[in-house]
Amino acid sequence: MLSSLEFFIVEAFRSIRRSALMSFVAIATIIVSLTIFGLFLLLVLNMGNIVGSISSRMDLVAYVYKDLSLDDAGVIQIKISNLPGVEKVEFTSKTEAWNNFKDEFNSKLNLNEVVYDNPLPHTYMVRVRNADMLPQVAKEISSIDVVDEVRYNGKLIQQIKSLISAVRVGGTALVIMLSFATLLIVVNTIRLTVIARETDIYIMKLVGATDNFVKWPFIIEGIIIGVVGGVTSLLILKLSYEAVVNRILQALPFLPLITDYGLLMAIYATMFFGGTALGMIGGYISVSRVLKNEMQ
Amino acid sequence: MIELINVTKSFTNGIHALSGINLHIGKEEFVFLVGSSGAGKTTLMKLLYRDEIPTSGKVIVDRINVTELDASQIPYLRRNIGIVFQDFKLLPKRTVYENVAFALRVTGALRSTIRRKTMQALELVGLLRRVNSFPDELSGGEKQRACIARAIVNNPPILLADEPTGNLDPATSWDILQLLDKINKRNTTVVVSTHNKNIVDEMKKRVIELEGGRLVRDQQLGTYNVK
């Protein structure tokens with residue numbers, strides 16, 4: 001068996017050398033589609049990460065313009081705290097807010113000359129456990145009598161979310177189409193090498209080679225093409241991603257981009273095995289199709 | 001060793017290559033298959049190694065019913081039949097050694113076994129000097145010797161030679177037939193299809209003649225033409 005395996009591998013390399021140009025085309029196609037696949041994967045995962053961190057910091061603010069006694073304010077605070085999905089509530093009275101405001105701006109201008117009455121509302125900063133619960137919590141808080149206005153960035157989150165799902169759907173479709181196109185090219189490339197060796201195959205079968213014996217060199221040829229394509233594309237993606245992430249993080253250090261080694265390795269491994277599988281399946285399909293048309 | 005029972009072969013284009021062939025070839029026999037071009041000699045040979053399937057009738061080779069053989073078993077049938085072609089069918093980009101070793105490689109034989117048996121076969125056909133030559137560098141006779149070495153390297157009980165001297169000069173043809181005779185004497189059943197009258201007449205073996213797809217003569221110690 002070992003001598004057969006050695007024979008298959010030698011045959012596979014011989015075949016790649018003989019049809020160098022087509023092998024190059026197949027490898028290049030695998031590189032292009034896998035790199036695009038990896039780019040989409042990283043893009044979608046990063047966007048997910050960013051949205052996740054934005055929504056986890058999402059607060060909801062409720063304003064009360066009417067006067068409130070401290071007791072009433074406390075009652076409302078407890079009421080909000082008891083709503084499902086609410087994690088934390090902080091109350092800032094309009095007086096406190098006004099004082100803070102004045103502390104901050106008095107050095108620059110004399111507010112008392114411009115504004116005679118405190119125009120600021122009482123404020124409840126509400127932290128919600130989950131961004132999806134924001135609309136519901138906002139609705140419940142709005143229904144409290146004294147609350148005049150509730151604000152949150154729900155729309156923005158929704159927009160980012162729909163953008164992500166669009167990228168995800170579009171990316172998946174593109175990746176499927178690319179994989180299919182790659183498979184077709186790999187199949188046809190190897191089929192050309194199979195056809196070029198039809199006489200060899202005929203003679204192999206005449207001297208008693210089984211179909212599997214005939215198939216293996218071509219499957220290994222596919223695997224070699226796939227591995228070369230997979231490794232090249234993962235190197236391209238790895239180096240370019242690291243460069244881009246470093247640049248972005250220098251400018252926007254707070255942006256939660258994926259730098260987790262394990263996750264990145266998983267993505268690169270997917271690309272490697274994806275390329276290998278594409279090549280192997282391509283080799284298998286092409287030689288099987290030719291063998292079917294061959295003599296029995 | 002070889003038996004054909006009422007074998008008929010028609011092709012889809014309407015040509016009747018063989019009709020009603022009944023034939024028995026015993027173990028270690030040497031048989032010439034003669035007849036004009038298109039008489040059905042090559043088709044008959046192809047039926048034996050299952051390159052063609054008869055339209056009706058039965059083909060039995062080495063106790064195996066070739067007609068009903070499962071496709072997955074065909075390789076194992078062929079390992080028991082050595083085949084020699086008029087056009088040699090050598091792999092052009094491989095050396096003589098690789099061409100002969102090829103027939104053993106497909107059986108999954110060990111490298112040491114491949115080496116030993118290949119050298120033995122090349123020695124038998126007298127081609128040891130040419131082991132590292134490519135087919136392009138060989139004369140017609142040498143190519144045919146390489147082809148014969150490949151056919152016998154597995155020690156098959158049957159050797160089929162389809163017009164083995166068709167592309168060779170008379171002297172070389174005679175050498176090749178001597179070689180086939182030598183192989184026959186090493187307990188191999190040999191079937192040779194040929195147009196070479198001199199050789200058939202000289203060797204005085206069993207002669208089977210086909211004409212228009214029918215078996216018209218089966219003669220022990222026969223000659224090319226009916227005397």
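User: Leaving aside neighbours within four places in sequence, which residues is B:Val100 in contact with?

Analyst: In this predicted model, contact requires C-beta atoms, placed from the backbone, within 7 Å. With its neighbours within four places in sequence left aside, B:Val100 is in contact with B:Thr118, B:Ala121, B:Leu122, B:Ala146, B:Ala149, B:Arg150 and B:Val153.

User: Which residues form the uncovered face of strand S3 of chain A?

Analyst: In a regular strand the side chains alternate between the two faces of the sheet. Strand S3 (residues 122-128) of chain A has A:His122, A:Tyr124, A:Val126 and A:Val128 on its covered face. The uncovered face consists of A:Thr123, A:Met125 and A:Arg127.

User: In S3(A), what is the bridge partner of A:Val61?

Analyst: Strand S1 (residues 59-64) of chain A runs antiparallel to S3(A), joined by six bridges. Within S3(A), A:Val61 has as its bridge partner A:Met125.

User: Which element gives the largest share of the side of chain A that touches chain B?

Analyst: Chain A has 15 residues in contact with 20 residues of chain B. Helix H1 (2-18) and helix H8 (198-206) of chain A each give two or more residues to that side of chain A. The largest share, four residues, comes from H8(A).

How values were computed: Residues are numbered from 1 along each chain as its sequence is written. Chains are lettered from A and ligands numbered from 1 in the order in which they are written. This is a predicted model: local features need pLDDT of at least 70, side-chain atom pairs count only at pLDDT 80 or more; totals for chains, interfaces and linings use all residues. Two residues are in contact if their C-beta atoms, placed from the backbone, lie within 7 Å. A residue is buried if 20 or more other C-beta atoms lie within 10 Å of its own, exposed if 12 or fewer, and partly exposed in between; C-beta atoms are placed from the backbone. Two strands pair if DSSP finds at least two bridges between them.
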